[in-house]
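Take a look at the chain below. Here is a friendly walk through some of its features.

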Amino acid sequence: MRAVLHFIVVTIVLVIAYLFAWPVSIKPIAWNAPVNVGFVGDFAINNKLESFTKMTLGELSGPEAAVHDAKGNLVASTHEGWIVRWPAGQFEAEKWVNVGGRPLGVDFDADGNLWIANAYTGLMKLTPKGELSTVLTEVDNIPIRYADDVAVAASGKIYFSDASTRFSAKASNSTVAASLLDLMEHSDSGRIIEYDPTSTIARTVKTNLTFANGVAADPSGDCIYFAETGEYRVWRMALSGPKAYQSEVIIDNLPGFVDNVHTGLNGRIWLGLTSPRAKIIDDLAGEPFWRKIIQRLPKALSPKIEPHGVVIAIDRNGKVLENLQSPSGKVYATTGVAESAEYIYVTSLTAPFLARYNKADLLIQ
């Protein structure tokens with residue numbers, strides 16, 4: 001009996017020592033989480049994303065971002081490293097090029113080059129002839145650890161996000177794992193980078209972002225938009241005029257983790273909310289010590305992506321124009337939208353398909 005009690009006491013001491021002292025990779029920073037009002041008002045729950053047509057990926061998954069080329073083909077990045085495309089009128093994707101790593105953001109320039117934000121390797125370029133190159137792996141003497149989204153501005157300059165300069169997607173062997181580390185730490189290490197393909201000059205134009213994510217260029221050429229996932233908000237940055245490279249928040253306190261940002265038609269800027277906000281992250285915002293404790297618990301107890309699909313359209317000043325949801329999770333881990341004259345295509349972090357919706361059915365003009 002005494003031996004059993006001794007074993008129990010030793011076990012308890014070891015567990016306590018582990019929870020309070022075992023080294024973890026994060027250095028949590030205290031912050032003030034805005035009160036989550038949830039899915040009300042402009043974000044009221046609806047079922048508008050429940051019925052859709054599947055654009056299939058074969059054995060592939062995770063069409064994180066999608067964009068149309070000049071011929072009307074739809075192109076997307078996938079979890080397995082493939083860039084795939086659906087020729088106009090087809091529903092089964094064809095493999096185009098495997099770029100390795102985890103390609104996330106994609107956008108075409110005026111010459112037909114596809115620019116790729118590859119979370120594992122940096123900024124890449126794929127020419128119309130299929131020539132692939134890695135253009136940037138570091139900027140301002142800081143390695144690009146998590147290239148997330150990319151946009152080509154009217155000027156031809158490339159803007160992309162380095163979600164976290166603290167946590168490498170490749171080293172974590174997972175974009176989701178690295179993102180959770182960054183969100184739990186909340187050390188504002190994300191940044192937005194500008195690259196000029198003509199001069200080959202790259203520079204950081206915005207720092208101190210908590211998981212810098214989606215990037216979109218306004219068709220007017222006068223600004224870009226970018227998401228700050230860890231603060232539930234979207235910024236607009238001027239590219240010209242007296243306020244060039246100054247930025248301001250246009251929408252904040254979103255009810256979910258904002259992912260990609262894409263410009264659509266008729267002034268729409270589409271946002272994907274990958275998951276509703278995690279209560280534990282908000283509740284422990286001001287408790288760095290307890291966030292370390294959480295980090296030492298089994299991964300099964302870490303915050304999870306909830307299967308509640310949400311995409312939102314706003315205007316350039318942050319006014320909500322569209323609110324489309326799938327609370328049942330038929331469409332899930334929603335990252336953004338690619339829009340054409342007739343359809344919207346909802347992208348996903350993990351789904352084995354792209355969801356297509358007829359805009360007329362959704363009453364989108």
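Predicted model: local features only at pLDDT ≥ 70, side-chain atom pairs only at ≥ 80, totals over all residues.

Residues are numbered from 1 along each chain as its sequence is written, and side-chain values use heavy atoms, with hydrogens and water left out.

**Helix H3**

Eight of its eleven residues are buried, so the helix is largely enclosed by the rest of the structure. Buried here means under 20% relative accessible area, exposed means over 50%, and partly exposed is in between, using a 1.4 Å probe and protein chains only. Among the buried ones are Ala178, Leu181 and Met184. Just past the helix, His186 has a positive phi of about 60°.

**Two pockets**

A pocket is an open set of points on a 1 Å grid over the protein atoms alone, where a 1.4 Å probe fits, with protein on both sides within 12 Å along at least five of seven lines; lining residues have an atom within 4 Å of a point. The largest pocket holds about 970 Å³ of space. Of its 41 lining residues, Val67, His68, Asp69, Asp107 and Phe108 are the closest to the centre. Strand S12 gives the largest share of that lining, four residues.

The second largest pocket holds about 380 Å³. Its lining has 24 residues, and those closest to its centre include Ser179 and Leu183. H3 turns up again here: it supplies the largest share of this lining, five residues.

**Aromatic rings**

The structure has nine aromatic pairs. Rings of Phe, Tyr and Trp (its six-membered ring) pair if their centres lie within 6.5 Å; planes under 30 degrees apart are stacked, over 60 edge-to-face, and the rest tilted. Here are two of the pairs:

| Pair | Centre to centre | Angle between planes | Type |
|---|---|---|---|
| Trp115 and Tyr195 | 6.0 Å | 55° | tilted |
| Tyr332 and Phe353 | 6.4 Å | 85° | edge-to-face |

Both Trp115 and Tyr195 are buried. In the other pair, Tyr332 is partly exposed at 25% relative accessible area, whereas Phe353 is buried at 8%. Tyr332 and Phe353 also belong to one aromatic cluster with Phe52 and Tyr357.

Conventions. Helix = DSSP H or I, 4+ residues; strand = E, 2+ residues; numbered from the N terminus. Points joined across faces, edges and corners; volume = space filled by probe spheres on them.
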